[in-house]
Amino acid sequence: MFTIAALYHFTRFADIGALKPPLVTLCAANDVRGSLLLASEGINGTIAGPRPGIDAVLAHIRALPGCADLEWKESTSPTAPFGKMKVRLKREIVTMGQPDVDPTARTGHYVEASGWNDLIGREDVAVIDTRNDYEVAIGTFDGAVDPATASFGEFPAWWEANKDQFRGKKIAMFCTGGIRCEKSTNYLIGQGVEDVYHLKGGILKYLEEVPQADSTWHGECFVFDGRVSVGHGLAIGPHLLCHACRRPILPADRDRPQFEQGVACHHCADETSDTDKARFRERQKQMGLARDRGTAHMTGHVTDKG
């Protein structure tokens with residue numbers, strides 16, 4: 001059983017370049033895989049591996065400047081959710097494109113999962129889903145407003161175009177694990193919105209703690225790892241991933257005429273050119289050859305593909 005840790009923390013790092021090599025080395029030594037983003041504003045990512053390995057990496061991160069009170073969310077998977085480890089240096093750990101946004105200065109009021117239903121059930125509260133459109137499509141909360149944004153960087157423009165409909169309302173926001181709400185609530189406060197709230201720990205914490213019988217969540221929650229989606233109790237959902245557009249699809253969607261493994265699905269078939277699809281087919285071919293070579297190496301047999 002693999003332990004999965006989803007984490008983020010806003011703090012000020014003076015030299016992110018110096019932080020990367022020790023993390024890469026530590027993860028490799030402990031068979032920990034996944035993705036970590038480092039920026040001057042903090043750290044964000046999801047990692048998976050054996051329990052001792054995850055503990056070692058988390059201890060290392062907590063020892064970084066300003067990260068002593070790091071929080072993370074854990075779940076498990078019977079299969080490895082990541083194939084490799086990536087540690088990347090970025091301008092932002094979640095891209096909003098608003099240089100004046102600073103979650104370390106102020107954010108909205110945190111609301112525990114246990115109090116979320118009461119908050120969003122009030123008539124004077126507007127609930128906004130800050131995730132991307134393909135995430136919202138497979139699950140969200142009762143009555144949540146979907147901004148229909150393709151990326152988080154589109155949220156400020158959406159708010160500017162739609163803010164008048166929220167006048168006189170308290171704003172409750174949510175996202176997968178909480179990181180986007182740290183920025184979006186700070187952004188709204190900067191825009192003069194007084195009463196801003198967000199779900200502490202995000203959807204993942206809510207699905208972990210709130211019994212399904214009491215839940216106002218419908219559908220699945222998209223996650224950025226091999227599980228693709230999770231439901232109540234963080235049980236692995238039914239979704240698969242289109243490896244062309246990285247959107248979630250259901251098993252039945254593979255029977256649609258637009259579907260071709262690693263090349264297209266019904267979401268993206270009309271979004272890519274024939275040249276793109278030819279490139280994706282070649283990528284799939286090379287991946288298949290690599291798998292065959294790996295199998296041959298492990299079994300000691302040689303295939304006709306080398």
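Me: Does Arg180 count as buried or exposed?
Reply: This is a predicted model, in which local features need pLDDT of at least 70, side-chain atom pairs count only at pLDDT 80 or more, and totals for chains, interfaces and linings use all residues. Residues are numbered from 1 along each chain as its sequence is written, and side-chain values use heavy atoms, with hydrogens and water left out. Buried means under 20% relative accessible area, exposed over 50% and partly exposed in between, with a 1.4 Å probe and protein chains only. Because the relative accessibility of Arg180 is 9%, this residue counts as buried.

Me: Which helix holds Arg180?
Reply: Helices are DSSP runs of H or I with at least four residues, strands are runs of E with at least two, and both are numbered from the N terminus. Arg180 lies within residues 179–190, the helix α6.

Me: How are α1 and α2 oriented to each other?
Reply: Helix α1 (residues 16–29) packs on helix α2 (residues 51–62) at about 165°, their axes 9 Å apart. Axes are lines fitted to C-alpha atoms, for helices over the stretch in contact, and angles between N-to-C directions run from 0 to 180 degrees. Angles under 35 degrees count as roughly parallel, over 145 as roughly antiparallel, 65 to 115 as roughly perpendicular and the rest as oblique. The two helices α1 and α2 are therefore roughly antiparallel.

Me: Which exposed residues does α3 carry on the face turned away from its buried side?
Reply: In helix α3 (residues 113–120), the buried residues are Ala113, Trp116, Leu119 and Ile120. The face turned away from that buried side carries the exposed residues Ser114 and Asp118.
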